[in-house]
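Subject: Structure handover

Dear colleague,

I am passing on the structure we discussed. My notes on two parts of it follow.

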Amino acid sequence: MRITIVALIALAAGAFAQGPPPGRGGRGRMGFDGPPGPGGPGVESGAGILRAGVKNAPFSADVTTESSHTLADGNHIRQTVNSKVYRDSEGRTRREQAVNLNGLAPDANMQQMVFINDPVAGVSYSLNAKERTGTKSVRNGDGRGFQRQAESASGRGPGPRAGGPDGRQVRMGGVAAKTESLGRQTIEGVQAEGRRTTMTIPAGQAGNELPIHIVSENWYSTDLQTTVLSKHSDPRNGETVTRLLNIGRTEPSHTLFEAPADYKLTESAAGMPHPREGAGQTKQ
């Protein structure tokens, strides 16, 4: 059965989630990179997740996300997802990635998708490179249509950011969270500031006999205004490490932020339901 563009958007939106919210299993909230919270980067910022509209910080990079999980019988599950991201000086963003449709190991049938967000023109694109089709979404009047569209596709919005002083405990969704500074280091040629946040779910709160410690580590680059390395460890779901590699600081070509002329596009308003078959305007 042919997978619709909307379904592909939803899969891609959740691909870089930062782990489940406290006390619940399943996928986590979707994170968006942005300026760090008080005292440093927020716990929900994830490497490779770009916030559109950030000006004068152009770059391109390869993004690698490695996840591992050990089952009760000692079996290990390891997966790697690769993508490519770009942002120009005007804040346009582009992501190229293969979307895994069956949730299993990558194979030759994975759809190659391109996601473009152009806040200057007020449009975004979700493009299927194999079928040369896509969706063009027009920003809503309040200027937040693109973010709501991504949140709606993933079924969740941005979660809370941990911003308590170093060594102090704060409350995040009723769960104690302790944040500490990791100092600064050079990662892939850029300076980054690190912070580690540890959330503890008390025994009995989620049916757990012992406390559960969830650790998120983020390294944020002020120059790039994005997270370049993130690590997330949750004993219920394993470990995930996402890093930016081969970071380039040159201005990406403007053609990367445009839909190719030969793509067949269906147009809709960002944040609105996808039009039924034949209901949208089609551009040849």
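In which strand does E217 lie? E217 belongs to strand β10, which covers residues 212–221. Please keep in mind that this is a predicted model.

Is E217 buried or exposed? Its relative accessibility is 12%, and E217 therefore counts as buried, the cut-off for buried being under 20%. The side chain of E217 makes a polar contact with the side chain of W219, at 2.8 Å. If neighbours within four places in sequence are set aside, the residues in contact with E217 are L182, R195, R196, L229, S230 and K231.

Strand β4 spans residues 111–118 and is mostly covered, with 7 of its 8 residues buried.

Which strands pair with β4? One of them is strand β3 (residues 93–99), which pairs with β4 in the antiparallel sense over 7 bridges. Within this pairing, T93 has N117 of β4 as its bridge partner.

Strand β5 (residues 123–128) also pairs with β4 in the antiparallel sense, over 6 bridges. Here I116 stands opposite Y125 in β5.

How many residues lie between β4 and β5 in their hairpin? There are 4 residues between the two strands. In the turn, G122 has a positive phi of about 75°.

That is what I have on these two parts.

Regards

Terms used
Residues numbered from 1 in each chain as written. Predicted model: local features only at pLDDT ≥ 70, side-chain atom pairs only at ≥ 80, totals over all residues. Heavy atoms only, no water. Buried < 20%, exposed > 50% of the residue type's maximum accessible area, 1.4 Å probe, protein only. Polar contact = N/O pair within 3.5 Å; in protein donor to acceptor, adjacent residues only side chain to side chain. Contact = heavy atoms within 4.5 Å. Pairing = 2+ DSSP bridges.
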